[in-house]
Amino acid sequence: MSLYDRNLILFSGKGGVGKTTIASSYALSCARRGQRTLLMELNVRDKVASYFGSQEIGSEIVTVEDNLHAVNVTPDAAMEEYGMMILRMKLVYRAVFENRVVRTFLQAIPGLNDLLMIGKAWHHATETDADGGPVWDTVVVDAPATGHGIFLLQIPSVIMSSISSGHMYREAEKIFSFLTDPQKTALNLVTLAEDMPVNETKMLRDQARQKLEMPIGCVVANGLYPQTFDQRERDWIDAAHEGNLSVDAGVSGMINAAAFRQQRIDMQQHYMDEIERSFDAPIARVPYYFEDRITFPVIESIAERLADQLDPEGAP
Amino acid sequence: MSSERREDFLELVRQRDIVVCAGSGGVGKTTTSAVLGLQAAVEGQRVLVMTIDPARRLANSLGAESLDNEPTQLDLEGFSEVGVRPDGELWAMMLDMKASFDDLVEQRAPDEETRQKILNNRLYEYFSTSLAGTQEYAAAERLYEAHSSGDWDLIVLDTPPTTHALDFLEAPSRLANAVESKAFQWIYEKELFQGESGLGLFSMGSSYVLKTLGKFTGTELLQELSVFLQHFSPMFQGFRDRARQVRDLLTGPECTFVVVTSPDPHTREESTHFYDELGSERVAVGGFIVNRVHPRWVDQSEFDRPVEDIAAAIADLDVDVELDDSERTQLAERLRSNAASFYVLARKDARSVEQLRAELSRDIPVATVPFFSQDIHSLTGLDRVRREIFG
């Protein structure tokens with residue numbers, strides 16, 4: 001089943017591997033296929049706005065592109081929405097939830113913030129409009145890095161194992177069955193082709209299976225240096241680099257830069273082989289972009305590459 | 001980097017008892033922690049590096065199979081290969097948060113019955129591993145223990161990656177504040193819950209607020225939480241005392257923070273945000289280390305150089321791979337364009353480091369470590385980083 005047919009798509013991985021870039025690009029690829037898409041950041045310093053050149057993204061959903069909307073969920077806003085859904089009345093919500101004692105109490109409930117955030121993602125993924133149709137075709141979540149990500153996704157099952165009835169139990173149960181349904185949800189793992197990120201990604205994969213029971217959608221290997229030199233050129237560069245030849249500073253610098261690129265490509269190849277051996281999920285490769293900063297054209301280019309690799313048949 | 005800046009980093013590991021490495025995820029905190037520890041060991045100190053990262057290859061490269069919750073001495077013999085003979089000792093441990101928190105309960109629970117009730121509570125496992133601050137609290141506790149033992153000349157702590165540098169520092173006090181707050185007391189006061197229905201909180205009938213809250217969370221969760229907190233409450237005083245001691249230690253003259261970052265502008269902004277937060281808490285920041293800075297291999301002027309000129313220069317070189325004229329022209333073009341690609345990154349990184357220096361107080365030393373072509377998980381790699389920072 002193609003990733004594009006599922007409703008809730010989450011991205012996690014080691015810190016610094018480019019989760020937000022990949023999640024944003026994937027969301028754009030969904031939107032470009034005509035899917036009405038919501039991209040969610042979870043209570044972080046917003047990066048998405050800089051990719052789409054939009055206003056800063058806060059707790060209100062904003063449109064950033066055709067078919068593409070974004071929100072940066074805060075626990076407070078999620079709590080208000082959730083409280084309102086249950087209580088129906090703003091005045092009641094205020095009386096209860098804006099009571100100082102109640103607030104402190106709620107803040108101290110272990111995992112409540114996480115539950116509210118994952119609950120909101122689930123809510124949007126299942127939300128229906130007046131005619132009963134889905135409000136969103138796809139909800140893409142830029143989830144926290146490995147450690148916190150696991151805690152976040154684990155919270156519904158923790159609640160289910162701690163209590164056995166009540167409103168929160170029923171909510172947790174619904175969220176859990178959605179998160180673990182391979183027809184509806186996918187957890188995607190973003191990594192670099194380097195030692196520590198690959199190891200952490202394997203750990204995340206194992207925890208996703210054992211603790212979370214969540215389906216893995218794909219592995220995205222980010223930041224791969226494109227090969228620009230052919231074999232004879234590489235041989236020449238290796239020999240010249242090792243030969244320590246006397247040549248002007250400019251050419252010597254160029255040889256060093258080329259050798260650096262080659263060494264990193266070799267290292268990345270080594271870890272790509274390991275990724276291919278270790279994961280049975282589809283693998284998408286994303287090149288390194290030699291740019292000043294990540295701007296919309298980069299996101300667009302990654303979006304196209306993801307779509308080509310993850311669904312070669314390509315709907316719309 | 002100027003020699004006096006190097007001197008600043010040397011002073012830091014020589015004079016402080018504790019160095020805390022803080023920063024966003026993926027910036028190389030664990031490697032940096034190992035390198036700071038290594039430098040102190042080279043100079044003859046007895047050093048403990050406490051990490052939260054299961055960086056197995058890093059452990060392997062330091063001669064350890066893996067790290068666990070107890071300090072392991074690392075074999076530094078291998079450094080003689082890179083011409084370094086450490087006079088001191090380097091020990092490392094990986095903080096196991098769950099085990100550390102279990103230890104805490106073991107030590108602080110007033111009696112065996114309470115201990116068992118806490119450890120067997122259904123909420124405990126989640127509480128011990130993921131309630132905001134518990135991990136950091138456990139790390140702070142282990143740090144305090146290690147420091148009090150007097151066994152170490154220097155302790156280097158690799159902190160969990162957080163959005164807020166101070167989660168680590170604030171965690172102990174936040175936890176203590178939360179548990180002593182009115183709300184918590186209100187929940188764990190026994191009489192509130194033990195009315196005739198078995199859950200007095202909701203049988204009191206008078207509180208609209210509580211009823212509504214029960215509707216929101218479910219009464220069972222409130223009850224489970226209240227049972228847990230009742231058992232946990234005797235330990236709160238101990239937590240609070242310890243939180244204060246840890247805070248005094250971290251803000252005292254024995255300790256300094258090193259902020260680790262990368263030149264990526266977003267990461268750099270996070271790091272200066274940490275710096276501001278640490279400053280407002282009067283925590284000493286001893287320095288910044290910027291990892292993965294792209295080197296500048298060529299000057300910009302080289303990109304205007306005609307391809308024929310570069311091709312001619314490489315034709316003169318005595319390289320064992322024979323290329324014909326058109327191959328040489330193509331290679332020259334590709335060499336130039338590759339260098340130009342990396343130049344973009346080098347310029348971007350240099351600007352970012354410049355920006356960082358401009359934003360920091362002038363007496364904060366900033367060390368840059370180049371982006372290497374290989375991962376740092378060998379002794380040689382660690383020693384290269386060490387030489388970049390300390391000269």
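This is a predicted model: local features need pLDDT of at least 70, side-chain atom pairs count only at pLDDT 80 or more; totals for chains, interfaces and linings use all residues.
I then asked which residues have the most contacts inside the largest nonpolar core, and found Met40(A) and Val140(A). That core has 81 residues. Helix H6 of chain A, residues 112–126, gives the most to this core, with 8 residues. I also noted another core, lying apart from it, of 71 residues; Val27(B), Leu76(B), Ile376(B) and Leu382(B) are among them. As background, nonpolar side chains tend to be buried together in soluble globular proteins.

**Chain A overall**

I counted 12 helices and 8 strands in chain A. Its C-alpha atoms fill a box of roughly 80 × 40 × 40 Å along the principal axes. Chain A has 316 residues, and 50% of them count as buried. For contacts in chain A with a separation of 6 or more, I noted that 71% come from residues 24 or more positions apart.

**Positive phi**

Most residues other than glycine have a negative phi, so I looked up exceptions. Asn43(A) has a positive phi of about 50°. Asn43(A) sits in the loop between strand S2 (37–42) and helix H2 (48–52) of chain A. Buried or partly exposed? Asn43(A) counts as partly exposed, because it has 18 C-beta neighbours inside 10 Å and a buried residue needs 20 or more.

In chain B I noted Arg292(B), with a positive phi of about 60°. Arg292(B) lies in strand S7, residues 285–293 of chain B. Arg292(B) has 19 C-beta neighbours inside 10 Å and therefore counts as partly exposed.

**Helices H2(B) and H18(B)**

At what angle do H2 and H18 of chain B pack? I read about 75° between helix H2 (residues 29–42) and helix H18 (residues 379–390), with their axes 9 Å apart. H2(B) is therefore roughly perpendicular to H18(B). From H2(B), the residues that meet H18(B) are Thr31(B), Ala34(B), Val35(B), Leu38(B) and Gln39(B). On the H18(B) side I listed Leu382(B), Val385(B), Arg386(B), Ile389(B) and Phe390(B). By class, this contact has 7 nonpolar, 2 polar and 1 charged residues.

**Domains of chain B**

The domain assignment gives domain 1 of chain B as 3–296 + 349–390 and domain 2 as 301–348. I found 7 residues of domain 1 in contact with 6 residues of domain 2. The domain 1 side divides into 2 nonpolar, 2 polar and 3 charged residues.

Definitions and conventions. Residues are numbered from 1 along each chain as its sequence is written. Chains are lettered from A and ligands numbered from 1 in the order in which they are written. Helices (H or I, at least four residues) and strands (E, at least two) are DSSP runs, numbered from the N terminus. A residue is buried if 20 or more other C-beta atoms lie within 10 Å of its own, exposed if 12 or fewer, and partly exposed in between; C-beta atoms are placed from the backbone. Two residues are in contact if their C-beta atoms, placed from the backbone, lie within 7 Å. Domain bounds come from an automatic or database domain assignment. Ala, Val, Leu, Ile, Met, Phe, Trp, Tyr, Cys and Pro count as nonpolar, Asp, Glu, Lys and Arg as charged, and the others, Gly among them, as polar. Axes are lines fitted to C-alpha atoms, for helices over the stretch in contact, and angles run from 0 to 180 degrees between N-to-C directions. Angles under 35 degrees count as roughly parallel, over 145 as roughly antiparallel, 65 to 115 as roughly perpendicular and the rest as oblique. A nonpolar core is a set of buried Ala, Val, Leu, Ile, Met, Phe, Trp, Tyr and Cys residues joined through C-beta atoms within 7 Å.
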